[in-house]
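We will select one piece at a time.

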Amino acid sequence: MPSLDGLAGILGDMTTFSIRQIGDPVLRERSDDVTDIDGALASSVEVMVKTMYDAPGGGLAAPQVGITKRYFVFHDDDSETALVAINPEIVEERGECEWTEGCLSIPDIGFTIVRPEFVTLKALDIDGNEFFMEADDYMGRMFQHELDHLDGVLAIDRVDKEQRKHIMRLLHERELVTPAPANPFG
Ligand SMILES: [Zn+2]
(Lines give C-alpha, C1' and ligand atoms only; values in the text may rest on other atoms or scores of the structure.)
Protein backbone atom coordinates (compact mmCIF):
# COMPACT_ATOMS: atom_id res chain seq x y z
CA MET A 1 0.00 0.00 0.00
CA PRO A 2 1.53 3.33 -1.02
CA SER A 3 2.19 5.92 1.66
CA LEU A 4 0.15 9.10 1.49
CA ASP A 5 3.24 10.90 0.35
CA GLY A 6 3.58 8.45 -2.51
CA LEU A 7 -0.06 8.85 -3.43
CA ALA A 8 0.23 12.61 -3.39
CA GLY A 9 3.16 12.20 -5.74
CA ILE A 10 1.11 10.07 -8.12
CA LEU A 11 -1.85 12.47 -8.05
CA GLY A 12 0.55 15.36 -8.44
CA ASP A 13 2.00 13.80 -11.56
CA MET A 14 -1.44 13.68 -13.14
CA THR A 15 -1.88 17.41 -12.95
CA THR A 16 0.65 18.34 -15.59
CA PHE A 17 0.27 18.90 -19.32
CA SER A 18 2.23 16.88 -21.81
CA ILE A 19 4.75 19.06 -23.60
CA ARG A 20 4.27 19.11 -27.37
CA GLN A 21 7.32 18.05 -29.36
CA ILE A 22 8.75 19.34 -32.63
CA GLY A 23 6.68 18.01 -35.52
CA ASP A 24 3.44 18.82 -33.70
CA PRO A 25 1.68 21.42 -35.90
CA VAL A 26 0.43 23.38 -32.87
CA LEU A 27 4.02 24.58 -32.32
CA ARG A 28 3.90 26.29 -35.73
CA GLU A 29 0.72 28.30 -35.19
CA ARG A 30 0.62 31.98 -34.37
CA SER A 31 -1.18 32.28 -31.04
CA ASP A 32 -4.09 34.67 -30.42
CA ASP A 33 -4.17 37.50 -27.88
CA VAL A 34 -5.67 36.69 -24.51
CA THR A 35 -8.97 38.58 -24.24
CA ASP A 36 -10.21 37.31 -20.85
CA ILE A 37 -8.03 36.83 -17.82
CA ASP A 38 -10.42 34.47 -16.06
CA GLY A 39 -10.49 31.36 -13.89
CA ALA A 40 -9.85 29.03 -16.83
CA LEU A 41 -6.69 30.94 -17.69
CA ALA A 42 -5.57 30.96 -14.05
CA SER A 43 -6.01 27.18 -13.79
CA SER A 44 -4.06 26.57 -16.96
CA VAL A 45 -1.28 28.83 -15.63
CA GLU A 46 -1.14 26.79 -12.44
CA VAL A 47 -0.80 23.52 -14.34
CA MET A 48 1.73 25.04 -16.72
CA VAL A 49 3.90 26.15 -13.79
CA LYS A 50 3.88 22.62 -12.41
CA THR A 51 4.64 21.23 -15.87
CA MET A 52 7.55 23.67 -16.24
CA TYR A 53 9.12 22.80 -12.88
CA ASP A 54 8.60 19.07 -13.44
CA ALA A 55 10.31 19.17 -16.83
CA PRO A 56 12.46 20.92 -15.49
CA GLY A 57 12.55 24.18 -17.43
CA GLY A 58 12.83 27.91 -16.80
CA GLY A 59 9.96 28.92 -19.07
CA LEU A 60 6.99 27.39 -20.87
CA ALA A 61 4.77 28.94 -23.52
CA ALA A 62 1.06 28.10 -23.87
CA PRO A 63 1.37 26.56 -27.37
CA GLN A 64 3.89 24.08 -25.95
CA VAL A 65 0.98 22.53 -24.04
CA GLY A 66 -1.42 22.87 -26.98
CA ILE A 67 -3.02 26.21 -26.03
CA THR A 68 -2.69 28.76 -28.86
CA LYS A 69 -2.98 31.87 -26.69
CA ARG A 70 -0.34 34.53 -26.11
CA TYR A 71 1.09 33.84 -22.66
CA PHE A 72 3.99 32.06 -21.06
CA VAL A 73 5.05 31.14 -17.55
CA PHE A 74 8.59 31.51 -16.28
CA HIS A 75 10.74 31.27 -13.19
CA ASP A 76 11.74 34.77 -12.12
CA ASP A 77 15.30 34.64 -10.79
CA ASP A 78 14.88 37.87 -8.74
CA SER A 79 11.76 36.98 -6.79
CA GLU A 80 12.43 33.22 -7.03
CA THR A 81 8.79 32.65 -7.94
CA ALA A 82 6.90 31.57 -11.02
CA LEU A 83 5.24 34.39 -12.96
CA VAL A 84 3.06 34.63 -16.03
CA ALA A 85 3.43 37.08 -18.91
CA ILE A 86 0.12 37.62 -20.74
CA ASN A 87 0.04 39.27 -24.20
CA PRO A 88 3.78 39.92 -23.87
CA GLU A 89 5.78 42.22 -26.12
CA ILE A 90 9.39 43.28 -26.27
CA VAL A 91 9.25 47.06 -26.26
CA GLU A 92 12.98 47.77 -26.22
CA GLU A 93 16.09 45.83 -27.15
CA ARG A 94 19.80 46.63 -27.15
CA GLY A 95 23.10 45.01 -28.00
CA GLU A 96 23.72 41.57 -29.34
CA CYS A 97 25.10 38.36 -27.89
CA GLU A 98 25.47 34.68 -28.60
CA TRP A 99 23.83 32.18 -26.25
CA THR A 100 23.13 28.47 -26.33
CA GLU A 101 19.41 27.86 -25.82
CA GLY A 102 17.57 24.69 -24.94
CA CYS A 103 13.92 23.97 -25.69
CA LEU A 104 11.54 21.57 -23.92
CA SER A 105 9.87 20.90 -27.29
CA ILE A 106 13.19 19.85 -28.87
CA PRO A 107 14.90 18.13 -25.92
CA ASP A 108 18.60 17.43 -25.45
CA ILE A 109 19.83 19.80 -28.15
CA GLY A 110 21.64 23.13 -27.75
CA PHE A 111 20.92 25.92 -30.23
CA THR A 112 23.59 28.60 -30.51
CA ILE A 113 21.74 31.78 -31.44
CA VAL A 114 22.65 35.48 -31.74
CA ARG A 115 19.94 37.80 -30.38
CA PRO A 116 19.66 41.19 -28.66
CA GLU A 117 21.42 41.17 -25.27
CA PHE A 118 19.13 43.50 -23.27
CA VAL A 119 15.37 43.48 -23.62
CA THR A 120 12.42 45.14 -21.91
CA LEU A 121 9.35 42.96 -21.68
CA LYS A 122 5.90 44.48 -21.35
CA ALA A 123 3.03 42.16 -20.36
CA LEU A 124 -0.01 41.71 -18.15
CA ASP A 125 0.14 39.73 -14.93
CA ILE A 126 -2.49 37.27 -13.66
CA ASP A 127 -4.55 40.20 -12.25
CA GLY A 128 -4.51 41.99 -15.58
CA ASN A 129 -2.03 44.64 -14.43
CA GLU A 130 0.62 45.80 -16.86
CA PHE A 131 4.24 45.29 -15.86
CA PHE A 132 7.63 45.93 -17.39
CA MET A 133 10.71 43.83 -16.81
CA GLU A 134 14.23 44.58 -17.99
CA ALA A 135 16.38 41.54 -18.53
CA ASP A 136 19.66 40.31 -19.95
CA ASP A 137 21.60 37.05 -19.71
CA TYR A 138 19.44 34.01 -19.05
CA MET A 139 16.17 35.87 -18.44
CA GLY A 140 16.55 38.15 -21.45
CA ARG A 141 17.21 35.16 -23.61
CA MET A 142 14.31 33.17 -22.17
CA PHE A 143 11.83 36.01 -22.83
CA GLN A 144 12.83 36.12 -26.49
CA HIS A 145 12.67 32.33 -26.79
CA GLU A 146 9.18 32.12 -25.23
CA LEU A 147 7.89 35.01 -27.35
CA ASP A 148 9.06 33.15 -30.45
CA HIS A 149 6.86 30.21 -29.41
CA LEU A 150 3.82 32.51 -29.48
CA ASP A 151 4.62 33.29 -33.12
CA GLY A 152 5.17 29.65 -34.08
CA VAL A 153 8.93 30.17 -34.32
CA LEU A 154 11.28 27.50 -32.95
CA ALA A 155 14.96 27.69 -31.97
CA ILE A 156 15.82 25.58 -35.02
CA ASP A 157 14.69 28.52 -37.21
CA ARG A 158 17.19 30.85 -35.54
CA VAL A 159 20.45 28.90 -35.94
CA ASP A 160 22.83 29.29 -38.86
CA LYS A 161 22.61 27.05 -41.91
CA GLU A 162 25.40 24.71 -40.85
CA GLN A 163 23.98 24.11 -37.35
CA ARG A 164 20.52 23.65 -38.78
CA LYS A 165 21.81 20.94 -41.13
CA HIS A 166 23.43 19.00 -38.27
CA ILE A 167 20.40 19.32 -36.00
CA MET A 168 17.94 18.29 -38.71
CA ARG A 169 20.04 15.20 -39.37
CA LEU A 170 20.10 14.37 -35.66
CA LEU A 171 16.32 14.78 -35.37
CA HIS A 172 15.80 12.60 -38.43
CA GLU A 173 18.05 9.88 -36.99
CA ARG A 174 16.09 10.03 -33.74
CA GLU A 175 12.89 9.34 -35.66
CA LEU A 176 14.41 6.17 -37.07
CA VAL A 177 15.30 4.86 -33.64
CA THR A 178 12.62 3.19 -31.54
CA PRO A 179 12.31 5.20 -28.34
CA ALA A 180 13.20 3.45 -25.08
CA PRO A 181 10.19 1.99 -23.25
CA ALA A 182 9.01 3.69 -20.07
CA ASN A 183 9.84 0.55 -18.03
CA PRO A 184 13.30 -0.52 -19.19
CA PHE A 185 14.97 -3.65 -17.78
CA GLY A 186 17.68 -3.13 -15.14
ZN1 LIG B 1 11.22 26.34 -26.54
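**A sheet and a helix**

Start with H75: its bridge partner in β3 is A82. Strands here are DSSP runs of E with at least two residues, and helices are runs of H or I with at least four, all numbered from the N terminus. This is a predicted model, so local features need pLDDT of at least 70, side-chain atom pairs count only at pLDDT 80 or more, and totals for chains, interfaces and linings use all residues. Residues are numbered from 1 along each chain as its sequence is written.

Now select β2 and β3. They run antiparallel, joined by 6 bridges. Their hairpin has 4 residues between the strands, and E80 there takes a positive phi near 55°.

Click E93: its bridge partner in β6 is V119.

Show the whole sheet. In what order do the strands lie? The order is β1-β2-β3-β6-β7, an open sheet of 5 strands with antiparallel pairing. Pairing takes at least two DSSP bridges between two strands. β1 (59-61) and β7 (130-135) stand at the edges with a single partner strand each, so one side of each has no neighbour in the sheet.

Last, select helix α3 (residues 137-150). It lies across β1, β2 (71-76), β3, β6 and β7, and runs at about 15° to β1. Contact means C-beta atoms, placed from the backbone, within 7 Å. Axes are lines fitted to C-alpha atoms, for helices over the stretch in contact; angles run from 0 to 180 degrees between N-to-C directions.

Methods:
Two residues are in contact if their C-beta atoms, placed from the backbone, lie within 7 Å.
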